[in-house]
Amino acid sequence: MLGAIDYSVIVPAYREASNLRPLVTRIFAALSRIDSPVSAGQVEIIVVDDNSRDGSVEVVQALQQEGYNVRIIVRTTERGLSSAVVRGFQEAQGDNMLCMDADLQHPPEYVPQMLAAMSPTKLFVLGTRYGSGAGAVDEGWPLYRRIISNGARMLALALTSASDPMSGFFGIRKEAFLKAKNLNTSGFKIALELLVKAQIHSNAIAEVPFAFGLRTAGESKLDSKVMRLYLSQLLELYWYSYNGLIAFAFLLFLALIFLVWRYLTASNEPMMATTVQGGGHGRGQ
Ligand SMILES: Nc1nc2c(ncn2[C@@H]2O[C@H](COP(=O)(O)OP(=O)(O)O[C@H]3O[C@H](CO)[C@@H](O)[C@H](O)[C@@H]3O)[C@@H](O)[C@H]2O)c(=O)[nH]1
Ligand SMILES: [Mg+2]
């Protein structure tokens, strides 16, 4: 697979050894189809792994030996989805960079279309789970996950016109990525961060409806810490995008949500239980 690399697919991965082979082979199979708008030889895949030590490195080495243009970066001093994506973008050879999850929830068959949607005028491509052509977003999801997903989306409405900045399946042109300064790389929402800080206007966004799959192997790493990080990221982005007054109003709104939540959860607790739970047990992000 020689020739210029125009497209880089960045895959943040933590303990995803069993998903990497199907991911890589399905992406290249989709690119090798006769109707693919992008050819396999133009594409590299970069897995950014946070020292999973679960055999991911060996899987990628085997795929390389079979001729797939894939490499793995193993980070040992940093952790977190968003910072892994940024690291991948920094290492990418292609001018068109796509981010997708390792766990096959972002279907590999959409990759050619997502890559081809980027151009000098379409600086950002977003896989969206909303609108016509998208599969049912939350089929099979528990209620709490649906509420979190929709709540998170609504809170970002005033920051971008993109229909689904939370999908995690998105691409950005290198020149736009380089424009974004002072990125907050904590948590999961790097797409929203880039949409705001690279100042992507609505007419520069291409949207591709897709059906969000179910994870069949490994575990989700989205925990309450990720949600708290998202709220603080939102606050910062409101501050960045608007004047302090609107950010302050948003802070009050968040405080109100918090109070309602405390009230609702407290009413389900015994009278004596004024303090609940210890610290989070999620991975540091
Ligand atoms: N390198 C690295 N990768 C990570 C880390 N945490 C998660 N990942 C990788 O990031 C991808 C998404 O993580 P999941 O744990 O599968 O998250 P999810 O709950 O399915 O959330 C996904 O879907 C959401 C939409 O419902 C998205 O909002 C979110 O960004 C993500 O794409 C997976 O490939 C996972 O291995 C980390 O600390 N480090
Ligand atoms: Mg997932």
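Which strand and which helix each supply at least two residues of the shell around ligand 1? In this predicted model, the strand is S1, spanning 7–13, and the helix is H3, spanning 81–91. The shell itself counts 29 residues, and the closest of them are Glu16, Asp101, Met166, Lys189 and Lys221. Sorted by class, the residues around ligand 1 come out as 12 nonpolar, seven polar and 10 charged.

Lys189 places a polar side-chain atom 2.5 Å from an oxygen atom of the ligand. Val48 takes part through its backbone: a polar backbone atom of Val48 is 3.0 Å from a nitrogen atom of ligand 1. As for cover, ligand 1 on its own would expose 740 Å², and the protein buries 98% of that.

Moving on to the helices, H7 runs over residues 190–197 and H8 over residues 224–241. Their axes come within 11 Å and cross at roughly 5°. Angles under 35 degrees count as roughly parallel, so H7 and H8 are roughly parallel to each other. On the H7 side, the residues that meet H8 are Leu192, Glu193, Val196 and Lys197. H8 answers with Tyr230, Gln233, Leu234, Glu236, Leu237, Tyr240 and Ser241. By class, this contact between H7 and H8 is made up of six nonpolar, two polar and three charged residues.

Leu123 belongs to the loop that links helix H4 (111–116) with strand S5 (124–128). Which residues does Leu123 contact, leaving aside its neighbours within four places in sequence? The partners are Gly171, Ile172, Arg173, Glu175, Ala176, Ile200 and Ala204. Leu63, for its part, is 60 residues from Leu123 in sequence, and the two are 31 Å apart in space, taken C-alpha to C-alpha.

Note on methods
Residues are numbered from 1 along each chain as its sequence is written. Chains are lettered from A and ligands numbered from 1 in the order in which they are written. This is a predicted model: local features need pLDDT of at least 70, side-chain atom pairs count only at pLDDT 80 or more; totals for chains, interfaces and linings use all residues. Side-chain values use heavy atoms; hydrogens and water are left out. Axes are lines fitted to C-alpha atoms, for helices over the stretch in contact, and angles run from 0 to 180 degrees between N-to-C directions. Helices (H or I, at least four residues) and strands (E, at least two) are DSSP runs, numbered from the N terminus. Angles under 35 degrees count as roughly parallel, over 145 as roughly antiparallel, 65 to 115 as roughly perpendicular and the rest as oblique. Contact means heavy atoms within 4.5 Å. Ala, Val, Leu, Ile, Met, Phe, Trp, Tyr, Cys and Pro count as nonpolar, Asp, Glu, Lys and Arg as charged, and the others, Gly among them, as polar. A residue is near a molecule or strand if one of its heavy atoms lies within 4 Å of it. A polar contact is a pair of N or O atoms within 3.5 Å; within protein, one must be able to donate a hydrogen and the other to accept it, and residues adjacent in sequence count only if both atoms are side-chain atoms. Accessible areas come from the Shrake-Rupley method with a 1.4 Å probe; for residues, only the protein chains shown count as cover.
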